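Visitor: I have a model open and want to learn how to read its features. Where do we start?

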Amino acid sequence: MEDEKYMLLALDLAQKGTGFTSPNPMVGAVVVKDNRIVGKGYHAAAGQPHAEVNAIEDAGLEARGGTLYVTLEPCNHTGRTPPCTEKILATGIRRVVVAMRDPNPDVRGGGLAFLARKGIAVTSGVCEDRAARLNEVFIKYTLTRRPFVTVKCAATLDGRIATRTGDARWVSGEASREHVHRLRHASDAIMVGVNTVRSDDPSLTTRINGFHGKDPQRYILDTHLSISEDARLLQGGAATDTTVVTGPVVPGEKKRRLEEKGVRILSSPLKEGRIDLDRLMAAIGAAEVTSLLVEGGGRVIASAFRDGIVDKVIFFFAPKILGGDDGVPICRGPGPELMKDCLPIKKMQVHRVGEDVMIEGYV
């Protein structure tokens, strides 16, 4: 039970790195000696010291003879920073407790095996499920080099994300919208279709009161490059963080003008006249985008499910009923003929967010 108590603290520390550590994992660490916490640390950003180094340095001389609790197996290789295993040995830590091993099959277990060979007592698997969920993005990207894809939408109780005129301001309440901005901060990139840009003219930035969040990269699905050059997300500095994904044949002059503004144009293969999202995910992953938030609209969400790219869903349902069948549904286009062919959602959780209900689960 003592191990679990300290590991839960390390996991809470790890979460402080949300949105800043990609493509690295979120990691927290605690140094304990004589039943006292003598050092704490977390990985703050890619390229900065790892959690165990920060915790050990926070402990100072008291780390000698202590126990290190860390949410992910210490690295045993040199990357942007030296191996953490060497720091652990040099400090005189006697025991290392780990939540989960490194998911990379090429290095998995290597750090713990090295420490064990050097006489360090090693325990692993403490709070492993929670640690794996915290770093679900890192695990998938490490194993597949494809982004972890979350579909988010806000809908009325009768399943509409906008009225027949396209009005969607606002389906959900203020608390839900703030939660969405935190999801944006935590994501490397966000993806919408050109129809959403046309109807809402969104900025797709992160705006959180009292917190300087990170803006995600923006991917706009636009098969024919029909996006307005006056769209808000193509103006000023926002343009350099925006990629418009098109089909192979687009107007050359318009493409040139957008690229001169700093917009990236990515030509992607089509499937049945639409962007092949499965193949697009491989290209996005190659650009070191580890997590992607799909925000719609209805055709993009439906395509994401049909192309099998979705890992997680986060649906907000507002206490509103549109009361007609002419609004915009969550998914647009043909679905399966039989109920048995629906996509099952697993590990579902239900939360109250302000006046809304948030449902999250895994595909």
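This is a predicted model: local features need pLDDT of at least 70, side-chain atom pairs count only at pLDDT 80 or more; totals for chains, interfaces and linings use all residues.

Visitor: How many residues has helix α7, and how far does it reach from its first C-alpha to its last?

Guide: Helix α7 covers residues 174-186, which is 13 residues. Its end-to-end C-alpha distance is 19 Å, close to the 18 Å expected.

Visitor: Which residues of α7 are buried?

Guide: First the general idea. An α-helix has 3.6 residues a turn, so residues three or four places apart point the same way. Now the case here. The buried residues of α7 are Ser 176, Val 180, His 181, Leu 183, Arg 184 and His 185. They pack against six strands: β6 (148-155), β8 (189-193), β14 (291-296), β15 (312-317), β17 (346-353) and β18 (356-362).

Visitor: Take Ser 176. Is Ser 176 buried or exposed?

Guide: Buried means under 20% relative accessible area. Ser 176 has 0%, so it is buried. Leaving out residues up to four places away in sequence, Ser 176 touches Phe 316, Val 353 and Asp 356.

Visitor: Now strands. How do I read the side chains of β8?

Guide: In a regular strand the side chains alternate between the two faces of the sheet. In β8, Ala 189, Met 191 and Gly 193 point one way. Ile 190 and Val 192 point the other way. Five of the five residues of β8 are buried, so the strand is largely enclosed by the rest of the structure.

Visitor: What is the sense of the pairing between β8 and β9?

Guide: The two strands pair in the parallel sense, over five bridges. β9 spans residues 217-221. Gly 193 stands opposite Leu 221 in β9.

Visitor: Let us turn to the cores. Which residues touch the most other members of the largest nonpolar core?

Guide: A nonpolar core is a set of buried nonpolar-type residues joined through side-chain atoms within 4.5 Å. The largest one here has 39 residues. Met 7, Val 31, Leu 68, Tyr 69, Ile 88, Ile 93 and Val 96 touch the most other members. Several elements each supply at least two residues, among them α1 (2-14), β1 (28-33), β3 (67-72) and β4 (95-100). α1 gives the most, with six residues. A second, separate core has 30 residues, including Ala 189, Tyr 219, Phe 305 and Phe 315.

Visitor: Ile 88 is on that list. Where is Ile 88 found?

Guide: Ile 88 is in helix α3, residues 84-91. At 0% relative accessibility, Ile 88 counts as buried. Beyond four places in sequence, Ile 88 touches Ile 56, Leu 68, Pro 74, Ile 93, Val 96 and Leu 115. Now compare positions with Ser 176 in α7. Ile 88 and Ser 176 are 88 residues apart along the chain, and their C-alpha atoms are separated by 42 Å.

Visitor: How do I read an aromatic pair?

Guide: A pair of aromatic rings is described by the distance of the centres and the angle of the planes. With ring centres required to lie within 6.5 Å, the count comes to three aromatic pairs. One case is Tyr 6 and Tyr 69. Their ring centres are 5.3 Å apart and their planes stand at 45°, so the pair is tilted. Tyr 6 is in helix α1 and Tyr 69 in strand β3, 63 residues apart, so the pair links distant parts of the chain. Both Tyr 6 and Tyr 69 are buried.

Visitor: Last, the backbone. Which peptide bond into Pro 23 is cis?

Guide: The bond from Ser 22 to Pro 23 is cis, with omega near 5°. Pro 23 is in the loop between α1 and β1. The bond from Gly 296 to Gly 297 is also cis, with omega near 10°. Gly 297 sits in the loop between β14 and α11 (298-306).

Visitor: And phi? What is the phi of Asp 34?

Guide: Asp 34 has a positive phi of about 55°, although it is not a glycine. Asp 34 lies in the loop between β1 and β2 (36-42). At 62% relative accessibility, Asp 34 counts as exposed. Leu 225 has a positive phi of about 55° too. Leu 225 is in the loop between β9 and β10 (242-246). Leu 225 is buried, at 2% relative accessible area.

Technical notes. Residues are numbered from 1 along each chain as its sequence is written. Side-chain values use heavy atoms; hydrogens and water are left out. Helices (H or I, at least four residues) and strands (E, at least two) are DSSP runs, numbered from the N terminus. Buried means under 20% relative accessible area, exposed over 50%, partly exposed in between (1.4 Å probe, protein chains only). Contact means heavy atoms within 4.5 Å. The expected span of a helix is 1.5 Å times one less than its number of residues. Rings of Phe, Tyr and Trp (its six-membered ring) pair if their centres lie within 6.5 Å; planes under 30 degrees apart count as stacked, over 60 as edge-to-face and the rest as tilted. Two strands pair if DSSP finds at least two bridges between them.
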